[in-house]
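This briefing concerns the structure shown below.

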Amino acid sequence: MWSDPQSINRFALAMGALASLALLWCAVTWAGSRGMFALRQVRVVAPLAEVDTGVLESAIRTELRGTFFSVSPQRVRTTLRKLPWVRDLTVRRRWPFALDLDIEEHRAVGYWGDNDLLSDRGEVFRAGSKAPMPRFDGPPGSATDVLSRYREARTALAAHGLDIKVFAMSPRGAITLTTGNDMQIEFGREHYQDRLARFVALYGAWPASFRSGLARIDLRYKAAVAVARNGAALNVESQKGQS
């Protein structure tokens, strides 16, 4: 090797590169120890609609300790994802003194149970809100299914000017909803789409005077529908041809 000039040159170049890297590392370490690469700016890339900026700033002051090189983006991401309304975020270093936070917020479509919210992705999360939204409920793991069925019902009922303020699935999977005018509709566990279509057809055929006093509609019968009016008992009416 030592008699080969090319090998000696390659060895010398390699040693020179290692020495340069070592010197660069020492320089960076020295500069960092004197605060020359301390983080001076954290920028939130997009405007926030729900995340409390005060809570976010407090978390940033607590967690973002170190320099441009020593701060861990993964640790920052893990910590800030625990904040209310934060669904996910991306953390990027920006030379020479900054971090950029691209925060994705949950978009709530309603309240879930007593303490949580339901997102437009069918995810249950914990955060505070006073917005006027529907209330949902269902057994653990049912949020995506509940949201899908709610959307079907919302579209169908909107044709008759009805909105939904409560949508619930029982532990056995039975669906019950309450409209904005306090009319309760029971669909049961089976044939949800068929029963929803049946309700839309029946409601459209009933005169306005009859619809205005409805308190409860039970669609769980195969060839009938049970109807209760305000202040009256439940009455089962035959609906031949329906299933």
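A nonpolar core is a set of buried Ala, Val, Leu, Ile, Met, Phe, Trp, Tyr and Cys residues joined through side-chain atoms within 4.5 Å. In this predicted model, the largest such core has 31 residues, of which Leu157, Phe167 and Phe199 touch the most other members.

**Nonpolar cores**
- Not counting residues up to four places away in sequence, Leu157 touches Leu162, Ile164, Leu177, Thr179, Ile185, Leu196 and Phe199.
- Another core, of 21 residues, lies apart from the largest one and includes Leu64, Val71, Leu99 and Ala127.

**Helix α3**
- In α3 (residues 73-80), the buried residues are Val76, Thr79 and Leu80.
- These residues lie on the same side of α3 because they cover an arc of only 90° around the axis.
- The partners against which the buried residues of α3 pack are α2 (53-63), β2 (86-94) and β3 (98-105).

**Overall make-up**
- The protein contains six helices and 13 strands.
- Of its 243 residues, 35% are buried.
- The accessible surface is about 14500 Å², with 53% belonging to carbon and sulfur atoms.

**Model confidence**
- The protein has a mean pLDDT of 84, and 77% of its residues reach 70 or more.
- Residues 19-35 have pLDDT below 50, and this stretch has eight contacts in the model beyond near neighbours in sequence.

Conventions:
Residues are numbered from 1 along each chain as its sequence is written. This is a predicted model: local features need pLDDT of at least 70, side-chain atom pairs count only at pLDDT 80 or more; totals for chains, interfaces and linings use all residues. Side-chain values use heavy atoms; hydrogens and water are left out. Buried means under 20% relative accessible area, exposed over 50%, partly exposed in between (1.4 Å probe, protein chains only). Helices (H or I, at least four residues) and strands (E, at least two) are DSSP runs, numbered from the N terminus. The arc is that of the directions from the helix axis to the C-beta atoms. Contact means heavy atoms within 4.5 Å. pLDDT is the predictor's confidence in each residue, from 0 to 100. Accessible areas come from the Shrake-Rupley method with a 1.4 Å probe; for residues, only the protein chains shown count as cover.
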